[in-house]
Amino acid sequence: MSLAAKLPYTHAYAGGYPSLGSQRLPTDSDCLTYLAAVAAADGAGVEVGVAMAVDEFFRDTKASGVFSALKASCILAGARTLAGALVPVVGDAPTNVANGFVEGDYSRTAGLTGDGATTYLDSGRAGNADPQNDQHMSVYHSAIGDPGGGSLGSGAGVGGATNLAAGATGQYGSRHRSANFYGSGVTPSAGFFGASRESSSAYVMRYDGVNDAVSIASQTPYPNTYFVFARNDSSPGLEAFSNSTIAYYSIGTSLSLEALDTAVTNLLTAIGEAL
């Protein structure tokens, strides 16, 4: 990584030193708006290498047609501080409930790590904000935590529950709660984990780089907001705190999980290389 790539993307020489060539800078308008908000939260702009990784993410998701399906999303990596990491790509900023997460829980390359007991984010996105049969959710785990931890969820033991969890046995549900709500032996490795429903009769899971069709009818979506690092349920209530490390999440309408997986994986790989 060149010295210029380590400069803040807003530095006078960010584009390269005089007479020593140039380097690309972010140009996507939505990316620039996002990076400016992150810089305001961090107190300084991120490095050129990080900024370009984010710029490519915006470009990739737009080119593949998935960007418009993102309604609430955070890149929980790359930013200089926890406050910067909680700036949303789109949608509402998540709430660090009771200021549970602290700076020491955040890694610029790996993301945010839960404590498995009290820390979680409220995404602000209601479980029924997206249509019953037009919905997706995704997370990127840099590290998988203990069994039973909830990565992203609205509801659990109720009809229309929609959530993802990873551990010894993966758990998932897209707009349903039934006898086979739990993941039928799915044990996702670290990396991208998501679900997308665009049918009343089935939805698609993606884990370990492979899509898996799940044939089960949808139910009326559970309305509670999605929690990250926990599940937001009325009965038994807030539960399944996670100690996984999460570097990205998104909620919204249905999309190509493969395209989103590629964009997110490339983003986090590039951030790691930049730092």
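Strands here are DSSP runs of E with at least two residues, and helices are runs of H or I with at least four; both are numbered from the N terminus. By that rule, residues 95-96 make up strand S3, and Asn96 lies in S3. All views show a predicted model.

**View 1. The protein chain as a whole.** The chain has 275 residues, of which 55% count as buried. Its secondary structure comes to 5 helices and 16 strands. Take the contacts between residues at least 6 apart in sequence: 66% of them join residues at least 24 apart.

**View 2. Helix H2 from end to end.** H2 covers residues 29-42. How far apart are its end C-alpha atoms? They are 20 Å apart. After the helix comes Gly43, with a positive phi near 90°.

View 3. Which residues of H2 are buried? They are Cys31, Tyr34, Leu35, Val38, Ala39 and Asp42. These residues cover an arc of only 140° around the axis, so they sit on the same side of H2. On the other side, Ser29, Thr33 and Ala40 are exposed. The cover over the buried residues includes two helices, H3 (48-63) and H4 (82-85). It also includes two strands, S1 (70-75) and S2 (88-90).

**View 4. Cys31 and Cys74.** Cys31 belongs to the buried set of H2. Its relative accessibility is 0%, so Cys31 falls under the 20% limit for a buried residue. Cys74 is buried too, because its relative accessible area is 0%. A disulfide is a covalent bond between the sulfur atoms of two cysteines. How many disulfides does a search of the whole structure find? The search returns 0.

**View 5. Strand S3 and its partner S6.** S3 (residues 95-96) and S6 (residues 121-126) pair in the antiparallel sense, over 2 bridges. Thr95 stands opposite Asp122 in S6. Is Asn96 buried or exposed? Asn96 counts as buried because its relative accessibility is 15%, against a limit of 20%. Its contacts, beyond neighbours within four places in sequence, are Leu82, Leu86, Phe101, Tyr120 and Leu121.

View 6. Ala126 has Thr225 in S14 as its bridge partner. Phe229 is placed in the loop between S14 and strand S15 (231-232). Most residues other than glycine have a negative phi. What is the phi of Phe229? Phe229 is not a glycine, yet its phi is positive, about 75°. Phe229 is also buried, because its relative accessible area is 0%.

View 7. S11 spans residues 191-197. Why is S11 described as largely enclosed by the rest of the structure? Because 7 of its 7 residues are buried. Strand S7 (residues 135-143) is joined to S11 by 7 bridges, and the two run antiparallel. Tyr140 stands opposite Phe192 in S11. S11 is also joined to strand S12 (residues 202-207), by 4 bridges, again antiparallel. Here Ser196 has Val204 in S12 as its bridge partner.

**View 8. The S11-S12 hairpin and Glu198.** How many residues lie between S11 and S12 in their hairpin? There are 4. Glu198 is found in this loop. Glu198 is exposed, because its relative accessible area is 61%; the cut-off is over 50%. Leaving out residues up to four places away in sequence, Glu198 touches Asn133 and Ser254. Glu198 and Asn133 are 65 residues apart in sequence, but 5.0 Å apart in space, C-alpha to C-alpha.

View 9. Asp208 sits in the loop between S12 and strand S13 (210-215). Its phi is positive, near 55°, in a residue other than glycine. Is Asp208 buried, partly exposed or exposed? Asp208 counts as partly exposed because its relative accessibility is 43%.

Methods. Residues are numbered from 1 along each chain as its sequence is written. This is a predicted model: local features need pLDDT of at least 70, side-chain atom pairs count only at pLDDT 80 or more; totals for chains, interfaces and linings use all residues. Side-chain values use heavy atoms; hydrogens and water are left out. The expected span of a helix is 1.5 Å times one less than its number of residues. Buried means under 20% relative accessible area, exposed over 50%, partly exposed in between (1.4 Å probe, protein chains only). The arc is that of the directions from the helix axis to the C-beta atoms. Contact means heavy atoms within 4.5 Å. Two strands pair if DSSP finds at least two bridges between them. A disulfide is a pair of cysteine sulfur atoms within 2.5 Å.
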